[in-house]
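Let's take a walk through this model, one stop at a time. Have the sequence and the 3D view ready.

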Amino acid sequence: MAIYGSVRRLVGDLSLLDSTLFANLLQSCLKSKSLRDTSRVHARLIKTQFATEIFIQNRLIDVYAKCGRLNDAQKLFDRMSQKNTFTWNSIISAFTKSGFIDEAARLFGSMPEPDQCSWNSMVSGFAQHDRFEEALEFFVQMHKEDFVLNEYSFASALSACAGLFDLKIGTQVHGSISKSPYSSDVYMGSALIDMYSKCGSVFSAQKVFDGMITRNVVSWNSLITCYEQNGPANEALVFFMRMMDFGVEPDEVTLASVVSACATLAAIKEGLQIHARVIKFDKFRDDLILSNALVDMYAKCGRIREARLVFDRMPIRTVVSETSMVSGYAKAVSVKAARLMFMKMTEKNVVSWNALIAGYTQNGENEEALKLFCLLKKESIWPTHYTFGNVLNACANLANLQLGKQAHTHVLKHGFRFESGPESDIFVGNSLVDMYTKCGSIENGYRVFENMVDRDKVSWNAMIVGYAQNGFGNEALGLFKRMLLSGEKPDHVTMIGVLCACSHAGLVEEGRRYFCSMTKEHGLVPSKDHYTCMVDLLGRAGCLDEAKKLIECMPLEPDTVIWGSLLSACKVHRNVEIGEGVAEKLLELDPNNSGPYVLLSNMYAEVGRWEDVVRVRKLMRQRGVVKQPGRSWIEINNQVHDFMVKDRNHPSRKEIYKLLKILTSQMKRAGYVLDAERPSTIDSETNEFDDRLCNLTEMEVVAAVG
């Protein structure tokens, strides 16, 4: 009303010496964002001698644009008979800030004499609307036209480099900043740290930080976030403590980054301490981003009760906090609880779906994971690379090649190329390789591997391990040599695949050499898994004494797995002497495991030591050890058949056992002879040790009946 009164007094008043009063009125309109008052001031202005004044018209364009009336600003601009650089800058700035970047570019191209402000508007406008390549093009052209680059030019260019993850151009921009008056500017230093962080260059970010003369909370936040996002996450906590030691007060951005680092590290103790600090300050309690980070931290640490308390106290909840709760329930409570939380979500995005699918896969409920994927498709949710990673993992766990091929078809339809970049999808290709090799389709796995645009260490490992597990030892070793020639360095998983390949191919000497090369050539310290592979390799080759000495000399405490591998080898090679000692070790480590009893008993039986067979069996009964009966599965016509020894539940059991008798007769005629020397009393006591043959023939029978 005050503005309106001032406007009314101006009617017909021709005594004003200049347009200052109109400029002040327009400034008041801008502060109040009042379009109505702006129109009134404009209406009065038209009746004065200042109606064609460029200065006041420029102010009108600026106010109209900032009040959301871009059309009125454009009309006024078009009607102006005279325009200056400020006029052009006002309308260009109005278009860039409103998101009409192409129109701004058209106007810029028509501008008679653009200045530094005009160029900066174009660089920042394109950068702010994620058109990073064009922002850098304007930045480069601005430099070529010999315009002075200032802090606004550099900040927008660094933002564009960060958006493109373009470290090369970002480094060049850094070089230009170093030669400018802004090399020591604290805000420019923070922008550089942020750019290097988003480009994944932690070393460069740290170097910029170390070289800063002065730092503020933004500088510290940029470096802490750099370590939180790129790792190692524990360094984020280290620099948070240093920040506190320097007396810099953290803000909500600092705390959210540090809480996220605690989530990555599962550092619940530090997370609780930071949460306590948050509670002490009212300004942080209701911060949405910080609250989401706390929920996520507690959920990833398996502290679902604390996560729920934070979640329930949030005045506003988003899909981010709800998705964190879904993941937390799946990890710490049950997938059922996670599904219930998922169903209650008011808004679901693909991240929410991925969290629940991952929960099912991680809990071994692979069929439910695939059903949920089908439901996702029905809901017209566009799956991401994370979705397919989990779906392919479920297919691999089920060893279901048919479903795996269907998932592969979806992957191809969604245009995945398995290449690195801002949204790298290499791990989808890795998941495909893993799925095919676990399903026994080694040719398809290798075809995917060869057609990947880019590969990482996991790609090589998946194929090498896949070859090894499917008995293609020589192919695995050949691929390992290719890996080394490509410049990719092996890790512990690689060497497990290599040693496993040597074991399956019977390449003892090569296995010894590769085992020694781990430390000498690749700087890898062998773990228990590597020693287990070596024991398996030596055991298969009959080098039992060497295998036993290797176990006794290893710097790690041998577990039941490694001793069990040697015991199995002793049974294969009928070395009762070493086998007895190994069995004693196993019975000391795990007296309730039926495996060592069974292997030892079978060894005694094969050499005719029936009294020892009875002794082992009695020892099992005395200790209450029960051998779980053998179990077999076979899929026929998309139906899975499940069998156990002495099974009487299958609907086709009569036909199965009838055919089993026929097969047994054929086996005898072919020369198979039962252990004739075994006493009948021992047969009744030890018959459950011989269920493997029964299961194998049952599978053959079902195949014949099916």
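In which loop is R648 found? Look between β2 (639-644) and α39 (653-669), where helices (H or I, at least four residues) and strands (E, at least two) are DSSP runs numbered from the N terminus. Keep in mind that this is a predicted model, with local features needing pLDDT of at least 70, side-chain atom pairs counting only at pLDDT 80 or more, and totals for chains, interfaces and linings using all residues. Residues are numbered from 1 along each chain as its sequence is written, and side-chain values use heavy atoms, with hydrogens and water left out.

Now for the rings. The structure holds 24 aromatic pairs, counting rings of Phe, Tyr and Trp (its six-membered ring) with centres within 6.5 Å; planes under 30 degrees apart are stacked, over 60 edge-to-face and the rest tilted. Take F126 and F138: their ring centres are 5.2 Å apart and their planes sit at 20°, so this pair is stacked. It links distant parts of the chain, with F126 in helix α8 (residues 116-128) and F138 in helix α9 (residues 132-144), 12 residues apart.

Two loops have backbone details to check. In the one between α10 (151-164) and α11 (167-178) you'll find F165, whose phi is near 55°, a positive value in a residue other than glycine. P232 sits in the loop between α14 (217-230) and α15 (233-245), and the peptide bond from G231 to P232 is cis, with omega near -5°.
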